[in-house]
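Student: Could we go through the charged side chains in this one together?
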Amino acid sequence: MNTEIVRVLEREFPEPWTVEERVSSLLGLIATLKNAGSDSRIDTLSQALEETVQGIVTGRMQGVDEEARRRIQERFETWQIERNEDAQVQYTHNMDDDELAAFMAGKGTAKF
């Protein structure tokens, strides 16, 4: 009987989300969607999710208090850095040693 009571309570009164937790989950979904392959529907969805988070950060989306907005902005900036690092790793993954050395020196990937 206790199990049934707990199940009903959890269904009827789910644990609330914080905005920060939900945004963090959405950022993870964006990364997963972008890695899933190229599909216009996935691209549209991931773009909409990213625009929503940007709207929160820039203040375009109203109803988010300043403290939450600040924390979301910090998480979003961290996510952007991680995304850029992942893109660089993917970009440099197929380079040979000469190309990688030239790229790291800021000279592009051309071999001379």
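Student: Which side chains meet in a salt bridge at 3.4 Å, N to O?
Tutor: Those of Arg69 and Glu66, where a salt bridge is a side-chain nitrogen of Lys or Arg within 4 Å of a carboxyl oxygen of Asp or Glu. This is a predicted model, in which local features need pLDDT of at least 70 and side-chain atom pairs count only at pLDDT 80 or more, while totals for chains, interfaces and linings use all residues. Residues are numbered from 1 along each chain as its sequence is written, and side-chain values use heavy atoms, with hydrogens and water left out.
Student: Is Arg69 buried or exposed?
Tutor: Arg69 is buried, with a relative accessible area of 10%, whereas Glu66 counts as exposed at 59%; buried means under 20% relative accessible area, exposed over 50%, and partly exposed in between (1.4 Å probe, protein chains only).
Student: And how many salt bridges does the structure hold?
Tutor: It holds nine, and one of them joins the side chains of Arg7 and Glu4 at 2.5 Å, N to O. Arg7 is partly exposed at 41% relative accessibility, and Glu4 is partly exposed at 40%.
Student: Switching topic, which residues are linked with Glu20 in a network of salt bridges?
Tutor: Glu67, Arg70, Arg71 and Glu74 are linked with Glu20 in that network.
Student: What else is Glu20 in contact with, leaving aside neighbours within four places in sequence?
Tutor: Besides Arg71, Glu20 is in contact with Ala68 and Ile72, contact meaning heavy atoms within 4.5 Å. Glu20 itself counts as buried, at 19% relative accessibility.
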